Amino acid sequence: MLNFAVGPVQMDEEIVKSAAQPVPYFRTQEFSSIILQNESLIGKFAGIGIGYRTVFLTGSGTAAMEAAVINCFTPKDNVLVVNGGNFGQRFADICEIHGIPYIDLKLKYGEVLTEEHLKKYDNIDLSGFLINLHETSTGVLYDLELVSRFCKKKGVFLIVDAISSFLADEINVNNSGIDVLILGSQKALAVAPGISALVLSPKAIEKIQNGTIKSLYFNLKAALENGERGQTPYTPAVGILLQLNYRLKQIDTIGPEQVIAATKALAEDFRSRISKLPFSFFSSSMSNAATALVTNKISAYKIFEILKNDYGIWVCPNGGELKERVFRVGHMGALSIKDNHILVEALKEIILKA
């Protein structure tokens, strides 16, 4: 299968082969050194400052989203949630479940966050700001510089879900004043799903260390303590962390800037090739990670099924009210310009037959 999904993405053949190796015992100095190297490289690529830490969870990105919220906020807080799709709604749901007071900044599907949206909250007391930098369900990339200015002006604690944007778009944690950056293994990191990571600022670390949390598995204080020796509190997804180490060293060799540039080039090439077909872009603000396409001639879900069943190509369908109108094409992982050509030719055939 040729994988244009938004995650898991097309994996490098060497990483795929590594998954066939026996999983080693992990409470060893050898494995600790791998975890510490993973932490160091992620920090390097994220543009951290002095005193930042990265911890790893065995769980999807949603696990890290929930861990971030419950370790950094309490019922005494008031947070602003940018809600423009399924993943913005997920932050809102986490706050609701755990009794964290929040304001739902609701955007229409595909709508871009603007300064006018944020001005409404200039005189409202906020302690936190939650945003999915790339709202993957709609393909919208939000303006991180805009969000950063707002949070710095108001002194607001900023949590950014960059699961599908890290290493696809430019992100600098220190410059943007991000307190918690959330990552997932199956996007531009391009390994198997199952590991999420949280890059924590000194302010976030202080919050976690001084806080009290009613959770065993999501207690980031324990994760920080164990991480000092290159370990996790509980059994991690050892095999995926080994894959991640291989991938991070690969990125370090070629440079994270080159990974972002290659992803951008793939996205631009695809968007150029698709421009003559009867599709339109769902949003005017797109991440390099993925392109959300609107189709009127044939069901978007039908396109997903035909590509999968007849051509051996995966793209991402949508659910709910967007199911029949929108599908998404990813540009992360081990894809090439040649692969773009194969996908676009398949789409041309599907349109002709419709």
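Predicted model: local features only at pLDDT ≥ 70, side-chain atom pairs only at ≥ 80, totals over all residues.
**The whole chain**

Show the cartoon view and follow the chain through its 13 helices and 15 strands. The radius of gyration is 20 Å, close to the 20 Å that the globule rule gives for 354 residues, so the chain is as compact as a globular protein of that length. If you turn the model along its principal axes, the C-alpha atoms fill a box of roughly 60 × 55 × 30 Å.

Colouring by charge gives you 35 positive and 36 negative charges, whose mean positions are 2 Å apart.

How do contacts link parts of the chain that are at least 6 apart in sequence? Among such contacts, 72% join residues at least 24 apart.

**Into the cores**

Hide the surface and select Leu 113, Phe 129, Ile 131, Val 160, Phe 166 and Leu 181. These six touch the most other members of the largest nonpolar core, which has 65 residues. Another core lies apart from it, with 34 residues, including Phe 73, Ile 94, Leu 198 and Ala 204.

Go back to Phe 166 and zoom in. Which residues is Phe 166 in contact with, leaving aside its neighbours within four places in sequence? You will find Ile 42, Phe 45, Ala 46, Ile 171, Leu 181, Leu 183, Ala 188 and Leu 189 around it.

**Two positive phi angles**

Step along to Leu 167, in the loop between β8 (157-161) and α7 (173-176). Leu 167 is not a glycine, yet its phi is positive, at about 70°. Is Leu 167 buried or exposed? Its relative accessible area is 2%, so Leu 167 is buried.

Next, select Ala 190, which sits in the loop between β9 (180-184) and β10 (195-200). Here too phi is positive in a residue other than glycine, with a value near 60°. Ala 190 has a relative accessible area of 4%, and therefore counts as buried.

**A serine in a helix**

Move to helix α6, residues 144-154, and pick out Ser 148. With a relative accessibility of 5%, Ser 148 is buried. Beyond its neighbours within four places in sequence, Ser 148 is in contact with Asn 175, Ser 176 and Gly 177.

**A cis peptide bond**

The peptide bond from Gly 7 to Pro 8 is cis, and its omega is near 0°. Pro 8 itself belongs to the loop between β1 (2-3) and α1.

**Last stop: Val 23**

Continue to Val 23, in the loop between α1 (13-18) and α2 (29-46). Buried or exposed, what is Val 23? Its relative accessible area is 58%; because exposed means over 50%, Val 23 is exposed. Leaving aside its neighbours within four places in sequence, Val 23 is in contact with Val 238 and Gly 239.

To finish, draw a distance line from the C-alpha of Val 23 to that of Ala 292. These two residues are 269 apart in sequence and 37 Å apart in space.

Methods:
Residues numbered from 1 in each chain as written. Heavy atoms only, no water. Helix = DSSP H or I, 4+ residues; strand = E, 2+ residues; numbered from the N terminus. Rg over C-alpha atoms; globule rule 2.2 N^0.38 Å. Contact = heavy atoms within 4.5 Å. Lys, Arg positive; Asp, Glu negative; His and termini not counted. Charge placed at Lys NZ, Arg CZ, Asp CG, Glu CD. Core = buried A, V, L, I, M, F, W, Y, C linked by side-chain atoms within 4.5 Å. Buried < 20%, exposed > 50% of the residue type's maximum accessible area, 1.4 Å probe, protein only.
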